[in-house]
Each structure stands twice: as structure tokens, then as C-alpha cells.
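Here are a few exercises to work through with the model open in your viewer. Try each task before reading its solution.

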Amino acid sequence: MVGALAAAGTDALQASTCAGLTGWQWAILGAALAFVGGGMGSAMGITYASNVASGVLVEDPDKFGSLLPLIAIPGTQGIYGLITAILVTFQFDLPKLSGQTGMMVFFACLPVAFVCFISAVFQGLTSASAIGMVARRTEELGKALVLPALVETYAVFSLILTIFLFTKIK
Amino acid sequence: MAVEPVKKITVIAYKRYQNQVVDALARIGTVHVERVTGPDMLPPKELTEEEAQASRMCSFGVSQVEFLLGFMKEYQREKSGFLSTMIKEKYPMTADEFMRSWERVDLDKIYEECSDLGQRLIDQRDQKERLRQESDELERWTGLGVPLDEVGGGATFGVMPVRIAASDLEALTGELGARAPESDLEVVGEDGGNVNCFLIYHLGAEEDVTSVLSGCGHDTVSLPKGPLEPDRRLEQVRAELEEIGSEHEEVLDQVDGYREHIGVLEVLKEYLVNQRTKVETMTSFGNTRSTVVIEGWATEEGIEKTRERMGKLSDEIEVEASEPEEGDRPPVSLRNGKWIRPFEFLTRLYGVPNNREYDPTWLIAISFTVFFGFCIGDAGYGPVILIAFLLMRKYMPLGENIKNLLLVMCYGSACALVVGVITGSYFGIETKYLPQFMQSAVVFDALEDPLPLMGVCMGLGLIHMLSGTVVEFHDNWKAGNVADALIDQGLTLFFFIGTIAAAVLAIAGVIPVTVIYLVAGVALLGMIVLLGHGAKSVPGKAFGGLYETYNTLVGWLGDTVSYVRLFALGLATFVIGSVINTMSGMVRGMAPVIGILMMLLVLLVGHTFNVVINLLGAFVHPLRLEYVEFFGKFYEDGGRDFKPLQVESKTVIIEDKGSS
């Protein structure tokens with residue numbers, strides 16, 4: 001009797017896997033990848049911006065307040081990665097997720113994982129250039145803030161798409 | 001709520017009143033001074049020797065103050081904290097007190113005394129460095145036992161301190177024994193892998209000794225001279241180092257004593273810069289044989305104030321006002337009501353509007369407040385930020401720009417409270433754990449069903465961009481470009497507003513659904529046919545219209561979706577808050593009492609971090625929506641900001657600024 005039940009449980013588990021992973025495993029993999037992409041990109045982007053800002057601050061430490069938003073802008077992609085990862089845990093009942101649904105969740109996480117990574121790196125480079133602009137002309141801070149914010153548009157779009165796909169999978 | 005009209009103002013005064021007039025104008029801050037040129041004028045005014053000397057003295061004073069501030073910062077014992085580097089100290093005072101700044105400190109005396117102290121500190125540093133090097137060398141030769149003066153040798157023998165690698169010692173000893181037997185090598189001490197030796201040789205064997213030494217890589221040591229043995233000299237050097245160290249501390253104490261003047265010096269620097277600017281402004285004045293002519297721009301109110309102030313100075317000073325002439329390019333003065341004025345800096349940050357444009361500050365005020373509220377979007381953080389910033393404004397001496405920024409964020413935080421209530425966000429606590437009355441106020445659940453809130457954000461964006469289009473319609477209409485207004489903006493407005501209105505009426509059952517398609521179709525057809533009206537050729541008009549229509553629709557779609565960032569940032573606030581709450585719950589169970597303390601620490605630090613990081617995003621992203629999506633629909637900028645001659649200060653807050 002016990003053996004029959006165990007066999008049935010194993011069959012059910014095998015049926016709920018997709019490409020060897022359970023739904024839960026696929027979903028967690030997607031969530032982790034979303035944050036890894038966003039987080040790594042943000043870290044790199046902030047590093048590029050900080051390197052340039054350090055040089056400016058050596059000459060004029062009073063510009064710290066003006067430069068801080070430009071340094072911090074590439075940090076948002078890491079937050080988008082975190083939102084995606086948390087949404088995976090909030091929006092889906094992970095232990096009951098079928099292998100196929102889990103795989104769909106994984107693919108839905110990919111826009112954030114890749115677009116946030118790339119956009120954060122390039123946003124960091126744009127921020128670095130904008131910092132150079134503010135170093136010479138502090139009064140142009142408003143325009144300098146807009147340039148890196150333009151790059152982020154695509155990170156926002158990737159998050160929107162990921163959330164939209166989650167609602168469709170549900 | 002608009003660009004305030006300015007008039008041309010001319011102040012004519014005898015040269016003997018020049019300084020008084022300039023002082024008075026700087027005090028009331030009403031006139032934007034322009035360079036005077038005209039056929040009746042002598043060549044532009046040049047500074048007299050006295051004025052040029054005053055300008056040079058101001059520049060010299062500024063460099064003295066900068067040296068003193070830099071000097072005190074360099075030798076500051078306790079380095080400034082993070083907050084003090086972020087928020088510079090401000091000095092509130094009246095204009096009269098500011099103008100008497102130079103009386104509060106004897107700059108030349110402090111400069112001279114601090115220069116002396118600076119020189120002493122440099123000498124002490126050099127001396128310490130030299131003694132430290134000597135001490136390092138002597139420590140290796142403490143076993144020498146011979147006065148340092150005798151190290152050079154005598155009439156018939158030479159003495160040489162040598163340092164070689166320990167592994168080479170045996171080879172060197174053997175070589176010396178074979179080739180220079182009239183020498184003796186005595187080991188004094190070891191230092192790492194090296195051996196310090198004392199080589200005595202007969203002068204006749206000097207060539208052989210030198211040859212042997214050069215063959216076995218040695219370091220030539222240069223010992224200091226003196227009557228004492230190395231160990232006794234070392235004691236002496238250490239005592240000298242100690243003495244210099246205490247002298248150094250005494251000098252640093254004296255430098256600390258001058259730190260009480262930092263505030264006065266910072267004020268003095270601003271005073272000197274203002275004085276120099278005032279003198280240099282005089283070169284813009286017109287010049288006749290006996291009068292000076294000051295020309296510029298002023299508002300109606302400013303003209304009256306200037307007349308009143310000049311009248312108090314003398315009856316012989318003439319103030320004339322006239323309307324701008326054709327070809328004049330007057331500066332732009334923004335004038336908004338009390339509630340809107342703090343937002344003017346957001347418009348200026350991009351560039352003031354030109355004279356033909358509408359001042360969009362009031363629209364920015366409303367939209368920025370709402371967008372900021374959505375980005376924070378938490379009914380817990382909102383009131384905390386609001387109270388903190390109101391207290392900062394009340395009790396901290398802050399500059400006008402920072403006060404405006406804080407007030408703008410206060411409005412936004414009040415909006416965040418409302419957004420937090422309807423989205424059920426309170427310090428990141430999940431909705432299911434909230435009291436029932438809070439749960440019942442929730443309209444949008446961003447986590448469970450995010451699409452409605454995303455739709456609201458896009459709706460707000462559409463309204464925002466439509467208002468920008470209406471402004472451009474107004475500007476075009478006012479400028480007489482009626483066709484441009486009706487075609488370029490009118491059709492777009494008709495398409496969006498008409499379609500949305502028809503959809504609402506259709507949903508309400510007032511009109512059939514087909515009317516929506518009809519309205520949208522007519523608007524689209526109109527756009528395709530007419531939007532290419534700028535092209536010269538017929539094919540250009542036809543294809544231009546199609547291309548412009550495509551561009552308009554795709555552009556509006558992309559711009560509208562861009563507003564979903566408001567939802568994303570609001571969700572980020574909630575999600576990070578929620579993670580912090582989960583983390584605090586995890587540390588709570590670690591230990592009975594310490595766990596609770598740790599939990600409180602995690603909550604305090606975590607939520608503070610969340611507020612700070614999201615404040616940054618809540619400022620930058622709404623600003624981007626204003627500058628890219630909103631301004632992109634109408635704004636040209638290119639105006640010259642109205643900058644009256646007045647006391648300019650970064651660290652001084654003039655309490656009675658503008659009063660006559």
C-alpha cells in the first residue's frame with residue numbers, strides 16, 4: 001500500500017517537471033536570474049559613474065550633492081530585478097507550480113534579467129558623461145539628469161513586460 | 001501664473017552718487033543690469049584707478065580667505081562628518097550685518113599669523129621626516145660602539161660601514177682575507193636578510209678593498225656625523241622626535257583656536273565676492289561727462305520700488321521706464337503664486353521659457369506632486385518625510401533653493417500618503433496584516449493585480465501630455481499661427497480627447513460603440529491629410545502626413561507607457577519595505593532580548609535606507625517625465641533668466657533681502 005502511494009507520488013512529481021526541473025525550480029531560477037542581471041548591471045553602472053565622480057570631487061567636493069543623483073541612477077535596475085524576484089514569490093503558489101508553468105515564469109523573468117543588466121551598464125556610462133557635463137557647468141544639472149534617465153526607459157519597459165507576462169501566466 | 005512682463009528701466013545719476021546708487025540697487029534687487037551703448041554716450045565706462053584697486057583688493061582678500069579656510073581644513077583634527085559635508089552651514093543675518101562683515105575680523109592679521117603657523121608646521125614635518133630617517137639608520141648600528149665622527153677613519157686607516165646580504169658574508173670575508181689581508185670585517189648587527197658590517201682597512205689596501213666590495217653587491221651606508229656613539233645618538237634623536245611631536249601638537253592647538261573664525265571668514269568671502277561683482281558691474285554703465293547711466297530691465301513692481309529708493313537717495317537721480325522696443329530681448333521673470341513659486345526652480349533647472357511662451361510652472365507643480373506621490377506611494381513613509389522636511393525647514397538655517405526643494409517634496413509626500421492609502425502600502429506591511437479599516441480603503445492591489453494601477457499611471461501620463469499639447473496650442477494661437485495650432489495640436493487633441501470621450505459615453509450607454517471608431521477614424525484621416533502641410537511638394541504633403549501621423553501615434557504610445565515607471569518605483573518602495581520587515585522578523589527570533597534590539601535596528605536602518613533611495617528616484621524620474629515627455633510636446637526654453645543686481649550668497653541667508 002505504502003509502496004503504491006510512493007510510486008504514485010513519484011509519477012506525479014515526474015509529470016510536473018519540465019526539462020528535468022520542477023515548476024518551483026524553474027520559477028526560482030527565473031527570479032534569481034532577474035536579480036542577478038539587474039544587480040550586476042547596477043553595480044557596474046554605479047562603478048563607472050562613481051569613478052568619474054571621484055575625479056570631479058577631488059577638485060570640487062562641494063559638488064557631491066549635485067552628483068549623487070547621477071551616481072545613483074543606474075541603481076534602479078537592481079531594484080527592478082528585486083521587484084521581479086519578489087513578485088515571483090508573491091504572485092505564484094510555488095510548491096504547486098507545474099513544470100510547464102514554472103518554465104513560463106522563468107522565460108517571463110528574462111526581459112528584466114537581460115535588459116536591466118545591459119541598460120544599467122550603459123546608463124552608468126551615460127551618467128559618467130553627464131557627470132563630466134555637470135563638472136564644467138553645474139547649472140545644466142537638469143539636462144544632465146535627463147540623459148541617463150532616457151536609457152532607463154528600456155529597463156522600465158522590460159519590467160512592464162515581465163509583470164504583464166506574469167499576469168497572463170496566472 | 002505666467003511670465004511677468006518687464007520694462008526697460010534707465011537710472012541717470014551724477015557720478016558722485018554712483019556708489020550709493022549701486023549699493024541701493026544691490027540691496028533692493030530690482031534691476032537686471034545690461035551694458036549701455038548709445039550714440040550719446042562716451043565709450044563704455046572704464047574703472048578708475050581707485051575702483052580697479054578696490055577690485056584687486058577684493059580678489060586678494062578672497063584668495064586670503066580661501067587660503068585660511070583650506071589651511072584650517074587641512075590641519076583639522078576631527079574630519080567632517082557625512083552630514084556636514086552634505087549640508088553646508090548657513091549664516092542668517094541682515095543685509096546691514098552682511099555689509100559690515102569686514103569689521104568682524106582682522107583678515108590681514110589672521111592671514112599673517114596662520115601663514116607663520118603653516119610655515120612652522122611644514123618645518124616641523126620636514127624635521128620629523130629627517131629625524132625619522134636618521135633614527136631608522138641608527139637602529140641598525142647600535143652595536144657599533146664607536147663615536148660617529150670616527151667612522152670615516154684616521155691618517156693611516158679607513159673605516160667603512162657596509163650592508164650586504166647575509167648569504168654573501170662568508171664569500172666576502174674569504175675574498176677580503178685573500179686579496180686585502182690588511183683589513184678586518186666586523187659584524188655589528190643583522191637587519192632582515194642583511195648584515196650590517198664595520199670594515200677597517202689600511203689606506204694602502206683601499207683599492208683592493210673597493211674592488212672586492214664592488215664584486216659582491218653591497219650597499220654603501222652613509223651614517224650621520226657626531227661625537228656620540230650610534231646608540232646614544234639614537235636616544236638623542238628619539239628625544240628630539242618627541243619634542244617636535246609635542247611642539248607640533250601645540251601648533252595644531254593654536255590652529256584649532258582660529259577655527260572659531262571659520263564662519264566669519266566664509267561670510268567675509270561672500271561679501272568680498274559681492275563687492276567685486278558690484279565694482280565690475282560698473283563697467284556696464286553708460287558714461288557722460290558728469291553722469292552715469294544704468295540701463296536694464298525691471299518688473300512694474302520693481303520700477304516703483306526703484307523710484308522710491310532712488311527718491312530717498314536724492315532728487316537729482318532720474319528713473320525712467322519704457323516698453324521694450326522691436327528687436328529687444330528682455331529677460332524672463334517668472335511670477336507665480338505663493339503655493340506654486342517653490343516649483344519655479346524645476347522650470348529654471350531646464351531653462352526659463354522664452355518671451356513668447358507660456359510659463360508651465362503651475363502644471364509642473366501639480367504633475368510633479370502627483371508623480372512624486374506615486375513614486376513614494378506609501379502612507380507610512382509619506383507622513384514621516386513630510387514631518388521631517390517641515391521640521392528641517394523650520395529649524396535648520398537653509399538656503400532658499402534647499403527650502404524650495406524640501407517644500408516641493410513635502411507636497412509630494414502628502415500625495416504619497418493618499419496613494420499609500422488607496423494601494424494599501426504602510427511601511428511595506430502586506431495588506432493582509434493591516435487592520436480591517438485600512439484594508440477596506442484599498443482600491444488597487446499592486447502585487448496581486450498590477451494592471452489597473454499601471455493603467456492609472458498611463459492615464460495620468462496621457463492627461464499630462466495632453467495638457468502640454470494644449471499649452472502648445474495656446475502658444476501657437478497667441479503667436480498668430482492659427483493653422484499650426486488647429487492642425488498640429490488640434491487634431492491630436494481631437495483624436496485623443498474625442499476618442500476617450502466617445503468611449504466613456506459608449507460605456508455609459510449614451511452613444512453606440514461605433515461612434516468611437518467614427519471619431520477616431522475622422523481624427524486619423526484628418527491627421528493623415530493635414531499633418532504634412534509643412535511640406536512644399538504635393539507628394540511631400542501626402543507622404544509627410546502619413547509619416548507624421550505614424551510618428552505621432554508611435555511617439556505618444558511610447559511616451560504613455562513610459563509613465564508606468566511611476567508604478568514600478570512605487571512598487572519598489574513597497575517591496576523593499578516588505579523585505580526589510582521580513583529580515584527584521586528573522587533576526588527577532590535569534591535571541592530573547594538582543595533579537596528585539598536587532599529587529600528594531602534592522603527596521604530603523606532598513607526603512608531609512610528605503611526612504612533615502614526612493615526619494616532619489618522619486619525626484620529624478622518625475623523630473624524626467626516633465627522634461628522629456630511633457631516639455632517635448634511644447635517647450636522651447638531659450639529665455640534669459642531675470643537676474644537682478646543683488647547680494648548673491650551661498651552660505652549667507654539675508655533675512656531682509658529685497659527690503660529697501
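Two residues are in contact if their C-beta atoms, placed from the backbone, lie within 7 Å. Keep in mind that this is a predicted model.

**Exercise 1.** Work out how many residues of chain A are in contact with chain B, and where they come from.

Solution. Start with the count: 28 residues of chain A touch 27 residues of chain B. Next, look for the elements on the chain A side: α3 (64-72), α4 (76-91) and α6 (141-169) each supply at least two residues. Of these, α6(A) gives the largest share, with 14 residues. Finally, sort that side by class, and you get 22 nonpolar, five polar and one charged residues.

**Exercise 2.** Find the largest nonpolar core and see what Ile83(A) touches.

Solution. The core has 115 residues, and those with the most contacts inside it include Leu70(A), Ile83(A), Cys457(B) and Ala568(B). Helix α5 (residues 99-136) of chain A brings the largest share, 17 residues. Now zoom in on Ile83(A): setting aside neighbours within four places in sequence, its contacts are Leu159(A), Ala568(B), Leu571(B), Ala572(B) and Val575(B). A second, separate core of 28 residues includes Ala13(B) and Val332(B).

**Exercise 3.** Decide how α20(B) and α21(B) run relative to each other: parallel or antiparallel?

Solution. Take helix α20 (residues 565-588) and helix α21 (residues 594-630) of chain B: they pack at about 170°, with axes 8 Å apart. Angles over 145 degrees count as roughly antiparallel, so α20(B) is roughly antiparallel to α21(B). Their contact residues split into 12 nonpolar, 10 polar and two charged.

Note on methods
Residues numbered from 1 in each chain as written. Chains lettered and ligands numbered in written order. Predicted model: local features only at pLDDT ≥ 70, side-chain atom pairs only at ≥ 80, totals over all residues. Axes fitted to C-alpha atoms, helices over the stretch in contact; angles between N-to-C directions. Helix = DSSP H or I, 4+ residues; strand = E, 2+ residues; numbered from the N terminus. Parallel < 35°, antiparallel > 145°, perpendicular 65-115°, else oblique. Nonpolar A, V, L, I, M, F, W, Y, C, P; charged D, E, K, R; others polar. Core = buried A, V, L, I, M, F, W, Y, C linked by C-beta atoms within 7 Å. Buried ≥ 20, exposed ≤ 12 C-beta atoms within 10 Å, placed from the backbone.
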